Amino acid sequence: MRRRRTGHRTVVRGAALLRADALQPQVYEPGGESFSLAELAETITAAAGTTVTHTNPSGGEFAESPRATGLDDGLVTAFMAADASIAAGDMETHSTALADLIGGRTTPLADSIRRAL
């Protein structure tokens, strides 16, 4: 696994933000470019050279997987609610807070996948 070195500029900027936040607390909603799970599968396929697919299971199929691992119904219900919320776009943000905090662009999905492989 390759490690990416953190640049001096990023460390200094982070320290300055921590100091500034101590004086004026803020809530950040970090986000970046959004992508679907199908797009994630396509990106992994292109980078790895191995076909990866994404399927949307029905609610019952989705619930069976965590139940099979022994999770109780309360946790399964929470997972299903979170999945439904994500599908409805409730977690999507168009915030530029992350790029603003790091002082530049976020890493594109394809670049992140290639680095991870």
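This is a predicted model: local features need pLDDT of at least 70, side-chain atom pairs count only at pLDDT 80 or more; totals for chains, interfaces and linings use all residues.
1. **How to read a helix pair.** Two numbers matter here. Packed helices are described by the angle between their axes and by the distance between those axes. Look for both in the points on helix pairs.

2. **Helices α3 and α4.** Start with α3, residues 59-68, and α4, residues 73-87. Their axes come within 10 Å. They cross at roughly 135 degrees. Are they parallel or oblique? An angle over 145 degrees would count as roughly antiparallel, and 65 to 115 as roughly perpendicular. The crossing of α3 past α4 is right-handed.

3. **Who touches whom in α3 and α4.** On the α3 side, the contact is made by Gly59, Phe62, Ala63, Pro66 and Arg67. On the α4 side, Asp73, Val76, Phe79, Met80 and Asp83 take part. Sorted by class, this contact has 6 nonpolar, 1 polar and 3 charged residues.

4. **Leu75, a residue of α4.** Find Leu75 in helix α4. Now check its distance to Ala63.

5. **Helices α2 and α6.** The second pair joins α2, residues 37-48, with α6, residues 109-116. Here the axes come within 9 Å and cross at roughly 50 degrees. An angle under 35 degrees would count as roughly parallel. At roughly 50 degrees, α2 and α6 are therefore oblique. Their crossing is right-handed.

6. **Who touches whom in α2 and α6.** Leu40, Thr43, Ile44 and Ala47 come from α2. They meet Leu109, Ala110, Ile113 and Arg114 of α6. By class, the contact of α2 with α6 has 6 nonpolar residues, 1 polar and 1 charged.

7. **Glu92, a loop residue.** Glu92 lies in the loop between α4 and α5, where α5 spans 97-102. Its relative accessibility is 43%, so Glu92 counts as partly exposed. What does its side chain contact? The side chain of Glu92 makes a polar contact with the side chain of Ser34, at 3.5 Å. Glu92 can also be compared with Gly31. These two are 61 residues apart in sequence, yet 8.1 Å apart in space, C-alpha to C-alpha.

Note on methods: Residues are numbered from 1 along each chain as its sequence is written. Side-chain values use heavy atoms; hydrogens and water are left out. Axes are lines fitted to C-alpha atoms, for helices over the stretch in contact, and angles run from 0 to 180 degrees between N-to-C directions. Helices (H or I, at least four residues) and strands (E, at least two) are DSSP runs, numbered from the N terminus. A crossing is left-handed if the near helix is turned anticlockwise from the far one by less than a right angle, and right-handed if clockwise. Contact means heavy atoms within 4.5 Å. Ala, Val, Leu, Ile, Met, Phe, Trp, Tyr, Cys and Pro count as nonpolar, Asp, Glu, Lys and Arg as charged, and the others, Gly among them, as polar. Buried means under 20% relative accessible area, exposed over 50%, partly exposed in between (1.4 Å probe, protein chains only). A polar contact is a pair of N or O atoms within 3.5 Å; within protein, one must be able to donate a hydrogen and the other to accept it, and residues adjacent in sequence count only if both atoms are side-chain atoms.
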